[in-house]
Amino acid sequence: MCEIYSSTPPPEYEQVTRSVRISGAVTSIRLERRFWSILDDVAAKENLSLGKFLAALHEEAYNVHGEISNFASLLRVVCTTYLTKQQ
């Protein structure tokens with residue numbers, strides 16, 4: 001039943017930490033490798049480097065909501081939103 005999910009290669013869900021500059025400060029974000037791959041695709045579609053995309057997304061989300069309590073979680077949801085819109 002779940003073979004399509006359970007057969008996911010372990011490197012795909014290995015956590016990877018990347019350093020990015022957001023609002024002038026360097027911060028680390030830890031996501032699973034698959035999410036980083038999706039974010040690379042999203043950034044490319046926006047004609048931005050990943051760093052510039054993340055900084056722009058953070059700024060826009062902050063302007064809309066006034067705070068971002070968990071940016072990594074927001075990034076995961078961004079990935080699922082992107083994949084849903086691709087269908």
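**Salt bridges and helix packing in the predicted model**

Arginine 34 is partly exposed, at a relative accessible area of 41% (buried means under 20%, exposed over 50%, and partly exposed in between, with a 1.4 Å probe and protein chains only). The structure is a predicted model, in which local features need pLDDT of at least 70 and side-chain atom pairs count only at pLDDT 80 or more, while totals for chains, interfaces and linings use all residues. Residues are numbered from 1 along each chain as its sequence is written, and side-chain values use heavy atoms, with hydrogens and water left out.

The count of salt bridges is 4 (a side-chain nitrogen of Lys or Arg within 4 Å of a carboxyl oxygen of Asp or Glu). In one of them, arginine 34 pairs with glutamate 12, with the closest N and O atoms 2.6 Å apart. Arginine 34 belongs to helix 3 and glutamate 12 to helix 2 (residues 10-13), so the pair ties together parts that are 22 residues apart in sequence. Helices (H or I, at least four residues) and strands (E, at least two) are DSSP runs, numbered from the N terminus. Glutamate 14 and arginine 33 also form a salt bridge, at 2.2 Å from N to O. This pair links the loop between helix 2 and strand 1 with helix 3, 19 residues apart.

A further salt bridge joins glutamate 32 and arginine 76, with 3.2 Å between the closest N and O atoms. Glutamate 32 is in strand 2 and arginine 76 in helix 5, 44 residues apart. Glutamate 32 is buried, at 17% relative accessible area, whereas arginine 76 is partly exposed, at 23%.

Helix 5 (residues 71-85) has 15 residues and reaches 21 Å from its first C-alpha to its last, close to the 21 Å expected (1.5 Å times one less than the number of residues). Its buried residues are Phe71, Ala72, Leu75, Val78, Cys79 and Tyr82. Seen down the axis of helix 5, they fall within an arc of 110 degrees, so they line one face of the helix; the arc is that of the directions from the helix axis to the C-beta atoms. They pack against strand 1 (15-22), strand 2 (25-32), helix 3 (33-45) and helix 4 (50-65), where contact means heavy atoms within 4.5 Å.

In helix 4, the buried residues are Leu50, Phe53, Leu54, Leu57, His58 and Ala61. These lie within an arc of 130 degrees seen down the axis of helix 4, so they line one face of the helix. On the other side of helix 4, Lys52, Glu59, Glu60 and Asn63 are exposed. Glycine 66, with a positive phi near 80 degrees, follows helix 4.
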